[in-house]
Amino acid sequence: MKLQALLDIHDKHNDGLKDNLGDGFLLTNNHIYSSIRKAAKESGFKFSSQTNNLYQALPLSQLESILESKIIPYYDNVSVLRDVRQKSSLIVWDDIVSNLKRNHLFHESSHAVARSLSDKILHKEKLNTPSDQSKVLHLLLEESFANTCELLAVIDCDDAAHRIYYELNSYTALFKEKTNLKNALSDFGRAPLTTFVFLSYLHANFLCNEFDEKTFTDVITFSFGKSKFEPKQLKTLRAISRLAFSLDEDFRTTTTNFYLKLQDITDTNIFKINIMKYLQTSASHKTYIQKLVSTLTTN
């Protein structure tokens with residue numbers, strides 16, 4: 001696709017961040033991207049392209065600073081493209097995509113929304129578990145919510161421009177799963193399916209490789225309010241859960257451990273908890289998940 005065309009489409013959408021390529025388009029055409037932006041702004045978060053050196057050098061190390069300051073950083077990747085366009089009208093997207101700075105404000109904004117709700121709902125929660133385990137549960141709930149947002153938002157990516165803009169603003173973009181996810185959305189309903197994906201990612205982030213039968217049943221019951229489905233439907237749900245468990249192993253181990261060490265958490269036994277037990281018995285966690293899902297599923 002010609003760079004000129006991408007900039008022209010970008011310029012037609014004035015509601016978003018004008019120096020983040022495709023932002024306005026995504027706010028108009030991508031339901032989840034737009035819902036997260038709205039919720040983040042309602043929670044008091046702002047966006048700045050005056051990216052600090054620490055974030056530029058090691059973004060993961062700055063997540064807590066972002067959430068505390070309520071300023072989500074991003075790169076101005078439009079000005080440089082206008083400069084390139086002025087120099088040549090021959091440039092196409094494939095010429096620059098591997099070298100252009102991507103923005104992760106969608107992912108960081110999802111964290112922001114999850115943290116804001118966590119501060120309101122979970123900060124007084126007292127689990128019958130060591131404090132580090134409780135803290136890790138809350139942190140990985142946030143990460144799993146961000147993973148869920150990025151997976152399900154591909155459902156709306158219907159054309160080349162949408163896919164380009166979305167991939168430029170996301171960590172992951174599983175476009176090949178778009179049709180399967182869209183069909184599942186129609187079959188199971190937006191809120192229940194979103195909850196199921198959320199809990200699948202939560203187990204993946206807790207270093208599970210797949211659901212055992214009991215956990216699979218517990219997750220289905222929590223998500224859909226029932227456990228009885230046709231074999232074909234169960235097969236579909238199994239396949240969707242595997243998308244979560246395909247989350248990059250290096251991210252699930254090295255990156256997560258680095259982030260937890262920044263929180264002074266080093267005991268690997270923190271991952272050995274019965275996730276569904278806590279979610280099934282904690283009214284505040286149920287409310288938290290329901291409200292997060294509602295952020296993505298209400299019009």
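Trainee: Leaving aside neighbours within four places in sequence, which residues is Gln280 in contact with?

Mentor: Keep in mind that this is a predicted model. Gln280 sits in helix 16, which covers residues 275-281. Once neighbours within four places in sequence are set aside, the contacts of Gln280 are Asp218, Phe222 and Lys286.

Trainee: Okay, and is Gln280 buried, exposed or partly exposed?

Mentor: Buried would need under 20% relative accessible area, and exposed would need over 50%. Gln280 has 35%, so it falls in between and counts as partly exposed.

Trainee: How far apart in space are Gln280 and Leu174?

Mentor: Along the sequence, Gln280 and Leu174 are 106 residues apart. From C-alpha to C-alpha, their distance in space is 30 Å.

Trainee: Switching to cysteines, how many disulfides does a search of the whole structure find?

Mentor: A disulfide is a covalent bond between the sulfur atoms of two cysteines. Take Cys157: the closest cysteine sulfur is in Cys149, 13 Å away, which is too far for a bond. Over the whole structure, the number of disulfides found is zero.

Trainee: And which class of accessibility does Cys157 fall into?

Mentor: For contrast, look at Cys208, which has 25% relative accessibility and counts as partly exposed. Cys157 has 1%, so it counts as buried.

Trainee: Now helices: how far does helix 14 reach from its first C-alpha to its last?

Mentor: Helix 14 runs over residues 231-245, which makes 15 residues. Its buried residues include Leu237, Ile240 and Phe245. At 1.5 Å a residue you'd expect 21 Å, and the model's helix 14 is close to that, reaching 21 Å.

Trainee: Last one: how are helix 1 and helix 6 oriented to each other?

Mentor: The axes of helix 1 (residues 3-11) and helix 6 (residues 79-87) come within 10 Å and cross at roughly 135°. Among the residues making the contact are Leu3 and Leu7 of helix 1, with Leu81 and Val84 of helix 6. The crossing is left-handed. With that angle, helix 1 and helix 6 are therefore oblique.

Conventions:
Residues are numbered from 1 along each chain as its sequence is written. This is a predicted model: local features need pLDDT of at least 70, side-chain atom pairs count only at pLDDT 80 or more; totals for chains, interfaces and linings use all residues. Side-chain values use heavy atoms; hydrogens and water are left out. A disulfide is a pair of cysteine sulfur atoms within 2.5 Å. Buried means under 20% relative accessible area, exposed over 50%, partly exposed in between (1.4 Å probe, protein chains only). Helices (H or I, at least four residues) and strands (E, at least two) are DSSP runs, numbered from the N terminus. Contact means heavy atoms within 4.5 Å. The expected span of a helix is 1.5 Å times one less than its number of residues. Axes are lines fitted to C-alpha atoms, for helices over the stretch in contact, and angles run from 0 to 180 degrees between N-to-C directions. Angles under 35 degrees count as roughly parallel, over 145 as roughly antiparallel, 65 to 115 as roughly perpendicular and the rest as oblique. A crossing is left-handed if the near helix is turned anticlockwise from the far one by less than a right angle, and right-handed if clockwise.
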